[in-house]
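Please read the following short report alongside the sequence and the coordinates.

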Amino acid sequence: MSSILIAVDSVVNVLLGLLLLIFPPGLVEWLGLPLPSSAFYVRILGAVIFGIGVALAIEFRRKPNSSLVGLGTGGAIAINLCGGGALVAYLAFGDLSLSTEGTIVLWILAAVVVGLGLVELVAHLSSRRLSS
């Protein structure tokens, strides 16, 4: 179960990272999200998220005797809960000027990221109980 979650998390991060790296302003406007004054930080964030996705993919494909280690479940849980939690806090308490569509898109993204982190945490805790 853990490796399946790592693979799903990898795909989510790679796709989101690519979208931010490409940063198509037309799509951003269509989704009702605010356009930043510069795409610089958006693209840097996209590169970081893409890198997280690649690190998860390395971990998913890693052989037991491999010396190259990717990002494990603990790191994925921390990143998802911190990033998703920050987005939830910003949506709930931030003074955002978002359209209805933009608000819906960001809440869906927050739900996916936090939900994935929680599922990974529950799976990890369940596997620990089974092994002890």
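## Basis

This is a predicted model, in which local features need pLDDT of at least 70 and side-chain atom pairs count only at pLDDT 80 or more, while totals for chains, interfaces and linings use all residues. Residues are numbered from 1 along each chain as its sequence is written, and side-chain values use heavy atoms, with hydrogens and water left out.

## Nonpolar surface patch

Together, Phe40, Tyr41, Ile44, Leu45 and Val48 expose about 540 Å² of accessible area as a nonpolar patch on the surface. Patch members have over 30% relative accessible area and no salt bridge, with like charges joined within 9 Å and nonpolar side chains (Val, Leu, Ile, Met, Phe, Trp, Tyr) within 5 Å; the areas come from the Shrake-Rupley method with a 1.4 Å probe, and for residues only the protein chains shown count as cover. Phe40 belongs to helix 3 (residues 40-61), helices being DSSP runs of H or I with at least four residues, numbered from the N terminus.

## Salt bridge

One salt bridge is found in a search of the whole structure, the term meaning a side-chain nitrogen of Lys or Arg within 4 Å of a carboxyl oxygen of Asp or Glu. Arg62 and Glu59 form a salt bridge through their side chains at 2.9 Å, N to O. Arg62 counts as partly exposed because its relative accessibility is 31%, whereas Glu59, at 17%, counts as buried (buried is under 20% relative accessible area, exposed over 50%, partly exposed in between, with a 1.4 Å probe and protein chains only).

## Asn80

Within helix 4 (residues 73-93) lies Asn80, which counts as buried because its relative accessibility is 5%. Beyond its neighbours within four places in sequence, Asn80 is in contact with residues including Asp9, Val113 and Glu120, where contact means heavy atoms within 4.5 Å.

Technical notes: Helix = DSSP H or I, 4+ residues; strand = E, 2+ residues; numbered from the N terminus.
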